[in-house]
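Student: I have a new model open and I'd like to learn how to read it. Could you take me through the features one at a time?

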Amino acid sequence: MPGSLDGQSIRLELIRVNDLPLPSNRIPAGFYVSINVDSRRRWKSPVRVVSSDDAELLGDVVTLSLCDVPELSVEIRVSYELGRMLGSGEVVGKLGISWDELLNYGDEPFELSFPSICGYHPSLTLKAAVLHPCDDHDGALFDSLVDCEIARDTDAGHARFVEYVTTKTVSYLNDAVEHFFQSVLDQCPVDHPDRASALANLASARLKGYIQGDLEDIDSTISLFREALALRPQGHPDHPLSLYHLAEALTWRYREEDTTVDLHESAQLYCKLLPLCPEGTYLRGIAAGANGVDYVIDGCNNLPKDASDDAIHFRRIVLQLCPLGHQHRPRTLDKLSRALRLRFTQYGSIDDLDECIKLRREVVSLCSEGHSERDTYLNNLAASLRSRFDHQGRSHDLDEAICLYEEALRMCPVGHKTRHVSLSTLGGALRVRFIQRGVVDDINRAISFRREALMLSPPEHPDHDLMLHHLAITLKIRYNELDASEDLNEAIDLCRKSLRLTRLDHPERHRRLYNLSSTLSSRFTDTQENQDIEEAIRLSQESLDALPSLHPDRCSSHSWLGTAYLSRYQVQHNPADLSLAVDHFRLASGHPTQGFPQRIIEAIHWARQAEVYQHESALEAYQMCLELFDNHVMTRSSIISRREAATAFRGARSLPVDAASCAIRRDNLRQAVELAEQGRGQQWSLASRLRTPLEDLESTSPKLARKLSELSKSLSDAQSSATLTDRAAADVAATQYRRLTEQWGAAVAEIRNVKGFSRFLLPPSYEDLQAAARYGPVIILIASKYSCSAIIVPTSGDPHHVPLPSIALADLKTLKDRFARAIRNASSMGPKQPRNDLIVLLRAVWDEIMLPVVNVLQQSLKLESLSRIWLCPTAAFTSIPLHAAHPFRTNADRSKEPCLEDLYICSYTPTLSALVRSRQMMKKRVLPSFVTIGQGQPGKGKGKALLAVDSELELVRKLVPATANSNTISGDAATRAGALEALQQNTWVHLACHGKQDPKQPYNSHFVMRDKSLTLLDIMEKDIPHAEFAFLSACHTAVGDEETPDEVIHLAAGLQFSGFKSVVGTLWQVDDAVAKHVVQAFYKNMFEDLEVGGEMDCTKAAWALNRATHAVKTEVPLEQRMVFVHIGV
């Protein structure tokens, strides 16, 4: 050393280590650099985590006092502990260098190159500078070199292990394991601070020997790693490395022994490990690499499909290992979705199917066009959507499935290996759509596709049996609808072939059994060959026996077995067969894990067959139908989708009246009233549940009342009239709504356990419904194909049955069409011309419908003249102007025979519950305010100008009592928003404008305003509890749609639902030029006797309308007097 440097120091700045070698191939915890000054003094850098880069950054600065030692020793070592170290680690680079050499480079960085090792060329980049005595500097902190036996043996073991790895000499492995690492472990008892390190060192060496085939025992190695992990819990610096060690060992045992449980545990360990390994670290790179996580994921994805809860939980864990962007994510999503769909098919949980669809949507989104498996993923998504359609009946699911199947087929041209799959699955979806919508082209295309699929799957093909089955059931459907006998015979042959090829443990065997049974039952009906029906019964029973009690397909097995028994009964007339058929129809309808649509179809079939064969279970079947309908419709999150659900089933439209007719024919009038009410106005009933007053519950159980109130609000907020175009978003919204519905239902069930609330929100009993007749009888008119009659609900006592023997359902339909023509013709006639057609029709209504009712009112109930009565028409009766029934005859004394409105004050009510609800809300009254809303100039394309609107508004304004806070909105101010606000802020409303009934979508019926239309949906979404009266001087405001007449969906009913207790509406087009005469007469009668300071009374509206139509007979033609009807209190 030059004498001029005596007493000075040298400052070393360590910048980075380059090309860090790992000769033992063992995963290090970290690395460090040490500078050994002499045998007693050493400077050591902090242990740093190894990165995945070629260079490891340091940034350490050390100051060394120059001394008479000629050179320093610089080492790079890897450590197998980040915490307390056992030994000094493994040397991966060692170099001696003199002081002079360090100072040869001035202030520039330079590299110290270490000897090459295992193909690596390690080096250390650093800078060196001399510090003079006057410079401020800190001295270096030196470690004292501690020498102990376990440290020496550990270091020796590392060195021997490196020799084994580099030379493949087994004796070195044995030395490392037995003489060093095992010896160290023996010296580290259970409570020794270095025991975890000793365990890990020994286990790592043993694992390497196992991997190389030089050691056989893997089980004890795994046990060592387990113990080490237990000693390094979460939070320990070496916890991540111990997780990796155990995962790696388990993976190797899985490789060699195919122990699935090891693969499962490895995945769980990697799930814990990866969040603890920052990106860019060496451990992260190895763990997430081909031999770590990727291997585990691949192994998991190759496991057999398993729908157990544990297996699905495991696949969720595997998915956590595949974040967005991971190459295995699509396949892992697909595998989880397959397991969920399988569990759905076994247990029927819609949550599983919803999640399956969500996952499959993501798979498709990750596999753009050109991806080799996109067609498979499209088919998978389509299949799950079709399953959901079968379970829930949402038409958009079926339509989307068909679109996806078509896209998948386009990706499978002739010659493609999976073309037969795409052909058959598309054919299946078209078959289902044909059943729903009856378009013959769908079933023909389905058969064509499935024939081609069978052709592409010859007898030696693994899918031959499946393609046979698919074609068979499609031909059977065409036979059912089009009665082509050749289709049935071919279907039977194909079913037999498919079943012969199906192994006994095939998961779909039960379906092939009951589908063959169904074809044989159909042939028996045609040929009456006894062997067919005996075989059909045996096959369906076998399919039923093959399924566990909660399997969703037991519903179909029960159904086909019931059908087989019924077929035999139809020929052999053995009452036992009819009883067995009914038993199985009952079980099919009530099967808890099948979706509501299928169960509804089964219940309808049961009810119809029970009616045909006059079986005593008919009423029970109807009750089941109505209950299932209620539950099914409740699951829909939008008002429009509820109506779609209600109209999706053939034969369901008449269920409420057929149920009531059945009860009448069994002399159970109370139940007839209950069933008619339960099945009608479902849309209003469901919506009103969320607005149920909770005052009584609040006084008994305020906590439950608050809970239900919050859930009801959440459900109301979640309802949407709009259709989401983003199907994934729509799925999420539907799932959230369903879960809210489940919570709401659970809260209702909890309330029913409270004393006094056992019937809370259950369908009302007769006693509950009789409250509707408190101020006058309610006449329910039942129009069923089985019988037409009326039920009078009196103020007290039992209901009265009024047979209507001279009129049938077909007569009512004819009467309705004749009324429509007569009204149309009358609109083109002069005001003084006689309305002969109308007179004939109204006389028929009087003679055949209302006179028998009036006779009972007068003779049995002794109802006084001009008493109030309420008409509650059902089905075809809703299209007949019952209130205008008139004999148009003269008595012998030349006096005119009185008509219905001469005898009684008539009102209508959509349902009895609606009337009860309105009366209950009358208890809460506020100071009246009156608004007139008029729009006579609706704008281009919205209808002709209504020239009399402004004068009508002025007329009404003058007749409204001065004590009422009155206001007028018209012209430019009569906008959608303005009208809606006025409805909410006023208790009395008169509305004069165009009214439009939408026959296809009644919820789109609307009042025409200046800018946008005020729709029925807009009105329904508002809750206006203090509203009292509305006069709707607009066209078509009180007429429902033809598709669902018993739902009574029209503008007047919407206002009543929103809070208006008393509403005057119209049945057809109003002539605004003459309507004002009725309006004037109405308000004069409404307010003329009102004393100063007296209250405006909306319950007078029916009487005022009755007086008004009498008063304007000479000024207003018959059809324009009949057009106005009163609804409500």
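**Reading the model, feature by feature**

Tutor: Let's start inside: the largest nonpolar core has 229 residues, and those with the most contacts inside it are Ile849, Met850, Leu882, Phe1007 and Phe1082. The largest share of this core, 12 residues, comes from α34. A second, separate core of 56 residues includes Phe161, Ala198, Cys277 and Val296. By nonpolar core I mean a set of buried Ala, Val, Leu, Ile, Met, Phe, Trp, Tyr and Cys residues joined through side-chain atoms within 4.5 Å. Buried is under 20% relative accessible area, exposed is over 50%, and partly exposed is in between (1.4 Å probe, protein chains only).

Student: What ground rules apply to the model and its numbering?

Tutor: This is a predicted model, in which local features need pLDDT of at least 70 and side-chain atom pairs count only at pLDDT 80 or more, while totals for chains, interfaces and linings use all residues. Residues are numbered from 1 along each chain as its sequence is written, and side-chain values use heavy atoms, with hydrogens and water left out.

Student: Which residues is Phe1007 in contact with, leaving aside its neighbours within four places in sequence?

Tutor: Contact means heavy atoms within 4.5 Å. On that basis Phe1007 touches Leu991, Cys993, His994, Ser1013, Leu1014, Ile1019, Leu1032, Ala1034, Thr1037 and Leu1051.

Student: How do I read the overall build of the chain?

Tutor: Count the elements, then check the dimensions. Helices (H or I, at least four residues) and strands (E, at least two) are DSSP runs, numbered from the N terminus. The protein chain has 43 helices and 23 strands. Its radius of gyration is 43 Å, whereas a compact globule of 1129 residues would have one near 32 Å. That radius is taken over C-alpha atoms, and the globule rule is 2.2 Å times the number of residues to the power 0.38. Along the principal axes, the C-alpha atoms of the protein chain fill a box of roughly 150 × 85 × 60 Å. Of the 1129 residues, 56% count as buried.

Student: Is β15 covered on one face or both?

Tutor: In a regular strand the side chains alternate between the two faces of the sheet. For β15, both faces are covered: Ser929, Val931 and Ile933 are buried on one side, and Phe930, Thr932 and Gly934 on the other. β15 pairs in the parallel sense with β16 (residues 965-970) over six bridges, and Gly934 has Ser970 as its bridge partner in β16. β15 also pairs in the parallel sense with β17 (residues 988-992), over five bridges. There, the bridge partner of Thr932 is His990.

Student: Where does Leu550 lie, and what is it in contact with?

Tutor: Leu550 lies in the loop between α20 and α21 (554-572). Leaving aside its neighbours within four places in sequence, Leu550 is in contact with Gln346, Tyr347, His591, Pro592 and Thr593. With a relative accessible area of 45%, Leu550 is partly exposed.

Note on methods
Pairing = 2+ DSSP bridges.
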